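Here is a short report on nonpolar packing and aromatic rings. Keep the sequence and the 3D view at hand.

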Amino acid sequence: MNIAMNAENFIAVNSFISNIDFEGTEVLRVIKDPKIDAFDEPTYARVIGSNFKNGTIEVKVLSRLLPDAPEFARGFLGIAFRIDEKNGHFESLYVRPTNGRNENQLRRNRSTQYFSYPDYKFDRLRVESPGEYESYADMGLDEWIDLKVKVDGEHAELYVDNSKHPVLIVNDLKHGPDAEGAIALWVEEGTEGFFKDLKINLS
């Protein structure tokens with residue numbers, strides 16, 4: 001199922017969304033509301049009427065840093081899924097495009113990330129299970145990146161740029177195998193996110 005990237009098909013949750021013409025293609029632009037200070041929050045464009053449990057989500061993303069982006073900004077953007085009605089619980093897989101080709105190997109190893117809202121944000125997972133919920137993938141700012149998330153029960157896989165094998169595997173989605181809910185396009189602080197070609201396939 002292809003989702004038209006018209007802003008009318010999305011609800012802005014702690015974010016600002018708009019349509020722009022990007023090299024002749026209408027894309028969705030998403031920016032986090034700066035009033036939200038915390039990280040790994042529900043800051044996304046939620047797909048109206050979506051309900052997802054198992055299947056695949058595919059989208060092309062492009063990230064730029066905003067002029068006032070803080071030093072720690074990495075161009076964070078990605079996919080949130082199984083979102084409850086009140087945006088109080090969800091799973092997410094996202095990327096940090098500035099890390100993909102960084103000269104620091106530790107940053108490269110943190111190019112992709114899983115988190116589960118509200119209890120398992122990136123910082124907790126990094127302390128309790130270092131390296132298990134983030135990984136390396138080649139990517140950069142200001143270029144289109146193909147993301148695909150495959151979900152089955154409590155297992156999720158992230159594919160980047162049509163990789164044959166997943167770049168990140170999560171074997172224990174924190175909300176369990178039976179959670180379901182909406183899909184959203186997620187951004188974090190300092191990021192100007194662009195999204196196109198959203199496809200959802202249920203299984």
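The text below covers the cores, then the ring pairs, then charges over rings.

**Cores.** This is a predicted model. Its largest nonpolar core has 37 residues. F10, F81, L93, L147, F195 and L198 make the most contacts inside that core. Strand β11 (residues 145-152) gives the largest share, four residues. Take F81: leaving out residues up to four places away in sequence, F81 touches F52, I57, F90, E91, S92, L93, V149, V151, L173, A182 and I183. A second, separate core has twelve residues, including A80, I83, F90 and A182.

**Ring pairs.** There are twelve aromatic pairs. Two examples follow.

| Pair | Geometry | Centre to centre | Angle between planes |
|---|---|---|---|
| Y94 and F115 | edge-to-face | 5.8 Å | 70 degrees |
| Y114 and Y133 | tilted | 5.6 Å | 40 degrees |

Y94 sits in strand β8 (residues 90-95) and F115 in strand β9 (residues 112-117). These partners are 21 residues apart, and the pair links distant parts of the chain. Y94 and F115 are both buried.

Y114 lies in strand β9, whereas Y133 lies in the loop between α2 (122-128) and β10 (134-135), so this pair ties together parts that are 19 residues apart in sequence. Y114 and Y133 are buried too.

Rings also join up. Y44, F76, F90, Y94, F115, Y117 and W186 are linked into a cluster by ring pairs.

**Charges over rings.** Which residue lies over the face of F122? R96 does, at 5.7 Å from the ring centre. K174 lies over the face of Y120, at 4.9 Å from the ring centre.

Note on methods:
Residues numbered from 1 in each chain as written. Predicted model: local features only at pLDDT ≥ 70, side-chain atom pairs only at ≥ 80, totals over all residues. Heavy atoms only, no water. Core = buried A, V, L, I, M, F, W, Y, C linked by side-chain atoms within 4.5 Å. Buried < 20%, exposed > 50% of the residue type's maximum accessible area, 1.4 Å probe, protein only. Helix = DSSP H or I, 4+ residues; strand = E, 2+ residues; numbered from the N terminus. Contact = heavy atoms within 4.5 Å. Phe/Tyr/Trp six-rings, centres within 6.5 Å; stacked < 30°, edge-to-face > 60°. Lys NZ or Arg CZ within 6 Å of the ring centre and 35° of its normal.
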